Structure formats: C-alpha cells, structure tokens
Amino acid sequence: MPLKLSLKPGERFVLNGAVVQNGEKRSTLVLQNKASVLREKDIMHENEVTTPARRIYFPVMMMYLSEKQDSGVYDEFVMRMTEFMGAISDTEAMAECVSVSRDVMAGEYYKALIRCRKLIEFEDKRLGSVGTGISDRGDS
C-alpha cells in the first residue's frame with residue numbers, strides 16, 4: 001500500500017537515512033514501496049532526550065532509521081524501558097510499555113514510535129509539560 005506524504009513548503013523529512021527538504025510550494029509525495037520515513041516533527045534530537053520516556057523514544061527512533069541492527073541501541077532501549085517500567089504503577093502506561101516492547105521485538109519500529117508518543121504524553125501529564133521533544137510540536 002503506497003504512503004502519501006503531503007508536505008508543507010520547506011518541510012524536511014528523513015527517507016531511508018537521507019534528509020530531504022521540500023521546495024517552496026506545498027507538494028505531495030507518494031512512496032510506492034516500504035521505506036523508513038520520519039517527518040521533521042517526529043525526529044528527536046539528542047539534546048531533547050531529557051526525560052525517561054524520551055530516553056525510550058530516542059533509541060527506538062534510531063533503530064527505525066538505521067539500515068543495520070545495532071545491539072548497543074537495542075540494549076539502551078531495554079535498559080531505559082526497564083527503568084521506566086520500574087518507576088510507574090499506572091496500568092495503562094504499563095500496558096503501553098509492553099506493547100512498545102512487543103513492537104520493537106517484532107521489528108515494527110514505526111508502530112513502537114507511535115506508542116512511545118503516548119508514553120511521552122503520559123509523562124508530560126505527570127511532570128507538567130516539559131516543553132522539549134516531539135510531544136509539544138503539534139501534528140499540523
């Protein structure tokens with residue numbers, strides 16, 4: 001099933017590791033085969049990894065964008081997820097953590113990223129809006 005991206009003028013995204021930027025006009029891009037694509041708003045920079053949930057999102061994002069498996073990145077994910085799960089007691093958040101872990105083990109990294117956003121929202125509600133990273137960028 002093709003993936004259709006509607007791009008704003010100047011919007012950037014990562015396509016199979018390459019950073020691509022749209023031109024001056026709004027455009028649509030249709031990808032006919034499977035590819036790793038992340039819009040600029042979904043990309044977390046290393047300096048934005050400031051909370052436990054963001055420490056989970058970042059290695060999942062790196063696994064999604066990487067062409068080859070890096071056991072160090074996976075180990076970082078496992079360590080951060082274990083820490084996060086050890087610190088929470090909310091059953092919904094715990095179930096989301098289990099789902100993220102399942103998706104990662106299945107190689108479904110994009111699905112895991114979507115679920116990680118829910119963990120970031122959960123965390124932001126508990127801590128107050130931290131104001132860094134993907135959850136405060138909006139979905140427009």
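Modeller: Keep in mind that the model is predicted.

Biologist: OK, where does Glu96 sit?

Modeller: Glu96 belongs to helix α3, which covers residues 91–105.

Biologist: And what is Glu96 in contact with, leaving aside neighbours within four places in sequence?

Modeller: Arg115, Lys118 and Leu119.

Biologist: Switching topic: how many aromatic pairs does a search of the whole structure find?

Modeller: Two aromatic pairs turn up. One is Tyr64 with Tyr110, a tilted pair with 5.6 Å centre to centre and 50° between the planes.

Biologist: Which helices hold those two?

Modeller: Tyr64 is in helix α1 (residues 52–65) and Tyr110 is in helix α4 (residues 109–127). They're 46 residues apart, so the pair links distant parts of the chain.

Biologist: Is Tyr64 buried or exposed?

Modeller: Buried, because its relative accessibility is 13% and the cut-off is under 20%. Tyr110 is partly exposed, at 38%.

Biologist: What about the rings of Tyr74 and Phe77, how far apart are their centres?

Modeller: Their centres are 6.2 Å apart, and with the planes at 45° that pair counts as tilted.

Biologist: Where are Tyr74 and Phe77 in the chain?

Modeller: Both are in helix α2 (residues 71–87); they're three residues apart, so about one helical turn separates them.

Biologist: And which of these is buried, which partly exposed?

Modeller: Phe77 is buried, with a relative accessible area of 3%, while Tyr74 is partly exposed at 31%.

Conventions
Residues are numbered from 1 along each chain as its sequence is written. This is a predicted model: local features need pLDDT of at least 70, side-chain atom pairs count only at pLDDT 80 or more; totals for chains, interfaces and linings use all residues. Side-chain values use heavy atoms; hydrogens and water are left out. Rings of Phe, Tyr and Trp (its six-membered ring) pair if their centres lie within 6.5 Å; planes under 30 degrees apart count as stacked, over 60 as edge-to-face and the rest as tilted. Helices (H or I, at least four residues) and strands (E, at least two) are DSSP runs, numbered from the N terminus. Buried means under 20% relative accessible area, exposed over 50%, partly exposed in between (1.4 Å probe, protein chains only). Contact means heavy atoms within 4.5 Å.
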